[in-house]
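Please examine the model shown below alongside its sequence. The paragraphs that follow lead through its sheet, helices, cores and aromatic pairs.

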Amino acid sequence: MKWKALTDLLTGHKTYLQTHNFPDPDALASAYGLQQFLKKHGVETQLCYDGSLDTLSAKRMVTEFDIEIYPASECRDMKEEDYIVTVDGQKYNANFTDLIGDEVACIDHHPTFIQCDYKFSDIRIVGACSSIVAYYYYESGTDMDADVATALLYGLRMDTSSMSRGVTELDIEMFGYLYKQADNNQIMKLWVNTMELGDLKAYGAAIENIHIVEGFGFVHIPFSCNDALIAMISEFILSLNEVSGSVIYADRNGGYKFSVRSMLDDVHAGMLVSNALEGIGNGGGHAAMAGGILFPDSREQLHDNINIEEVIEQRFLEVLHKGCGTVQ
């Protein structure tokens with residue numbers, strides 16, 4: 001039983017549960033749910049991340065469930081021998097800072113692009129990391145508080161777009177398990193009003209700049225946006241009848257941040273962005289949704305030669321034409 005191997009590993013060690021740098025509802029729910037699970041099995045932990053809580057939905061979750069999660073800059077007493085469990089992300093990923101502690105364990109639902117030798121790993125390709133954490137409660141028969149059930153169900157719904165994307169049998173089973181214990185009225189309150197007025201600027205830029213080529217909607221947002229907002233715009237573009245995939249990228253620290261979506265069974269979004277950005281950035285993710293970054297130095301070099309938006313479109317289209325982003 002994986003949950004027992006995890007608790008055995010962590011017992012007696014100072015442990016941090018680290019999410020990816022810009023925790024979304026699934027990351028927050030998974031970390032919070034895992035923290036409460038481990039506490040019931042005698043393991044105290046601290047939640048941390050190295051980035052920011054960018055979205056309204058993430059900020060509301062922290063307040064609604066009284067989640068104590070700290071920026072890495074406030075974890076000044078972390079030492080090299082302290083244990084870290086990466087939650088909803090993996091060491092060496094572009095959106096996961098390598099902190100001073102020892103990453104001994106990983107719980108994640110994304111594909112692995114860079115191998116890491118953990119002492120414990122539970123990496124399953126499922127719709128949401130929240131489903132993995134919920135299964136620990138289910139398998140072990142551990143009592144679950146209503147707040148934990150509600151947070152995990154919200155994380156599951158958010159990362160699967162209300163059970164419409166990347167859903168597996170485990171997600172379905174855990175949805176039923178959580179639904180019976182969660183406060184669904186609370187979830188509906190969280191579900192609405194997830195945007196702020198300032199987000200409309202990015203939507204306006206997307207509408208203004210969209211370029212559809214061979215069924216893929218390409219959008220450059222010429223200013224910085226948080227990860228969740230870029231992902232929301234990817235979903236927005238994907239809702240167009242003429243579009244079966246989307247490539248959205250916004251300015252980020254001198255480079256670009258990418259969000260990629262695919263509705264095509266034979267085009268894997270993670271493989272597509274990984275191959276398209278090879279040599280100038282990196283990326284990866286699920287079959288339907290993925291992300292990536294273009295390095296600042298690469299952006300500067302590309303700008304010296306030709307219109308960078310044309311270059312980016314061409315790189316993605318070349319991967320599609322060669323079948324390098326397809327599922328064999």
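Which residues of helix H3 (residues 56-64) are buried? They are Ser57, Ala58, Met61 and Val62, where buried means under 20% relative accessible area, exposed over 50% and partly exposed in between, with a 1.4 Å probe and protein chains only. Seen down the axis of H3, these buried residues fall within an arc of 135 degrees, so they line one face of the helix; the arc is that of the directions from the helix axis to the C-beta atoms. The buried residues of H3 pack against H2, E3 and helix H5 (146-159), contact meaning heavy atoms within 4.5 Å. Just after H3, Asp66 takes a positive phi of about 50 degrees.

The model is a predicted one, in which local features need pLDDT of at least 70 and side-chain atom pairs count only at pLDDT 80 or more, whereas totals for chains, interfaces and linings use all residues. Residues are numbered from 1 along each chain as its sequence is written, and side-chain values use heavy atoms, with hydrogens and water left out. Helices (H or I, at least four residues) and strands (E, at least two) are DSSP runs, numbered from the N terminus.

Consider next the sheet. Six strands form an open sheet in the order E3-E2-E1-E4-E5-E6, with parallel pairing; two strands pair if DSSP finds at least two bridges between them. Strand E3 (69-71) and strand E6 (120-123) stand at the edges with a single partner strand each, so one side of each is left without a neighbour in the sheet. On average, neighbouring strands of this sheet are turned by 30 degrees against each other, direction ignored. Between strand E1 (residues 15-18) and strand E4 (residues 83-87), which run parallel, there are four bridges. Within this pairing, Thr15 stands opposite Tyr83 in E4.

Several helices pack against these strands. Helix H2 (residues 25-40) packs on the sheet and touches E1, strand E2 (45-49), E3, E4 and strand E5 (102-108), its direction making about 165 degrees with that of E2. Such angles run from 0 to 180 degrees between N-to-C directions, the axes being lines fitted to C-alpha atoms, for helices over the stretch in contact. Helix H4 (residues 129-140) lies across E4, E5 and E6 and runs at about 100 degrees to E5. In helix H1 (residues 2-10), the buried residues are Trp3, Leu6, Thr7, Leu9 and Leu10. Viewed down the axis of H1, they fall within an arc of 160 degrees, so they line one face of the helix. Their packing partners are E1, H2, E4, E5, E6 and H4. H1 is followed by Gly12, whose phi is positive, near 90 degrees.

In soluble globular proteins, nonpolar side chains tend to be buried together. A nonpolar core is here a set of buried Ala, Val, Leu, Ile, Met, Phe, Trp, Tyr and Cys residues joined through side-chain atoms within 4.5 Å. The largest such core has 52 residues, and those with the most contacts inside it are Leu6, Leu10, Leu34, Ile107, Tyr136, Leu152 and Leu178. Among the residues that Leu152 touches, not counting those up to four places away in sequence, are Ala29, Gly33, Val133, Met144 and Leu178. Another core, of 25 residues, lies apart from the largest one and includes Phe216, Leu272, Ile308 and Val319.

Rings of Phe, Tyr and Trp (its six-membered ring) pair if their centres lie within 6.5 Å; planes under 30 degrees apart count as stacked, over 60 as edge-to-face and the rest as tilted. By this rule the count comes to 13 aromatic pairs. Tyr135 and Tyr138 form a tilted pair, 5.8 Å centre to centre with 35 degrees between the planes. The rings of Tyr138 and Tyr177 have their centres 5.3 Å apart and their planes at 75 degrees, so this pair is edge-to-face. Tyr138 lies in helix H4 and Tyr177 in helix H6, so the pair ties together parts that are 39 residues apart in sequence. Tyr138 is partly exposed, with a relative accessible area of 40%, whereas Tyr177 is buried, at 17%.

Finally, E11 and strand E12 (residues 289-294) pair in the antiparallel sense over five bridges, and the two form a hairpin with three residues between them. Four of the five residues of strand E11 (residues 281-285) are buried, so the strand is largely enclosed by the rest of the structure.
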